[in-house]
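Please look over the sequence and the model shown here.

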Amino acid sequence: MLCCLRAAWAEGIVIKSAEILPQENALTLNITFDVSLGHVLEDALTRGVTLNFVTEFELQYSRWYFFNLWNRDVAAYRSQQKLFYNLLSRQYRLSAGGLHQSFDTLEEALAVLGRTRNRPIAARDAVPPGEVYIAGVRMRLDTSQLPKPLQINALGSRDWNLGSDWYRWTFKP
């Protein structure tokens with residue numbers, strides 16, 4: 001029974017680290033997620049279903065006098081990545097825009113999927129120093145991009161609802 005519980009906890013997307021680094025002219029974002037698929041998603045992937053993942057980031061200026069209800073957005077970032085399995089070459093392929101990369105194992109593909117490095121998010125002068133900002137990031141499986149019959153399955157199944165919670169932290173340049 002403990003093996004089953006451990007396998008259930010191993011599925012999902014968990015954030016390992018997130019940081020905003022000031023560079024010469026811009027602020028850059030580094031994120032690391034730990035992505036692990038369940039048996040249902042792995043099976044669908046090896047049968048030819050493309051899995052679309054979305055990473056979302058937001059940087060807001062907190063307006064305490066509005067009780068943080070109307071925070072001002074300073075920067076936002078959204079990226080989409082596609083993961084699929086090529087049965088002929090027996091390789092996993094990760095696509096982001098026009099860039100493609102192939103991997104021999106699923107673990108290698110998921111490690112690269114969960115890693116974002118030196119992604120520019122805002123110009124350095126757009127974020128005045130001395131102020132406190134709230135940053136948030138998350139990653140999720142975009143079930144709206146699945147084939148229509150699988151979208152119906154995704155509505156009622158926990159196996160298809162893969163995503164992390166919003167991870168929020170304060171940032172002061």
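Arg140 and Glu56 form a salt bridge, with their closest N and O atoms 3.8 Å apart. Arg140 lies in strand E8 and Glu56 in strand E3, so this pair ties together parts that are 84 residues apart in sequence. A salt bridge here is a side-chain nitrogen of Lys or Arg within 4 Å of a carboxyl oxygen of Asp or Glu. Helices (H or I, at least four residues) and strands (E, at least two) are DSSP runs, numbered from the N terminus.

The model is predicted: local features need pLDDT of at least 70, side-chain atom pairs count only at pLDDT 80 or more, and totals for chains, interfaces and linings use all residues. Residues are numbered from 1 along each chain as its sequence is written, and side-chain values use heavy atoms, with hydrogens and water left out.

Arg138 forms a salt bridge with Glu56, the closest N and O atoms being 2.5 Å apart. This pair links distant parts of the chain, with Arg138 in strand E8 (residues 133–141) and Glu56 in strand E3, 82 residues apart. Glu56 also forms a salt bridge with Arg78, at 3.2 Å between the closest N and O atoms. Glu56 lies in strand E3 (residues 51–61) and Arg78 in strand E4, so the pair ties together parts 22 residues apart in sequence.

Is Glu56 buried or exposed? Glu56 is buried, with a relative accessible area of 13%. Arg78 is partly exposed at 45%, and Arg138 is partly exposed at 22%. Buried means under 20% relative accessible area, exposed over 50%, and partly exposed in between (1.4 Å probe, protein chains only). Glu56, Arg78, Arg138, Arg140 and Asp142 are linked in a network of salt bridges. The count of salt bridges comes to 6.

Two residues stand out by their backbone angles. Most residues other than glycine have a negative phi. Arg90 has a positive phi, near 55 degrees, and lies in the loop between strand E4 (72–86) and strand E5 (91–96). Arg90 is exposed, with a relative accessible area of 62%. Asn118, in strand E7 (residues 115–123), has a positive phi of about 50 degrees.

Val112 belongs to helix H3 (residues 106–113) and is partly exposed, at 22% relative accessible area. Not counting residues up to four places away in sequence, Val112 touches Leu94, Gln101 and Phe103, where contact means heavy atoms within 4.5 Å. Val112 and Gln101 are 11 residues apart in sequence and 9.5 Å apart in space, C-alpha to C-alpha.
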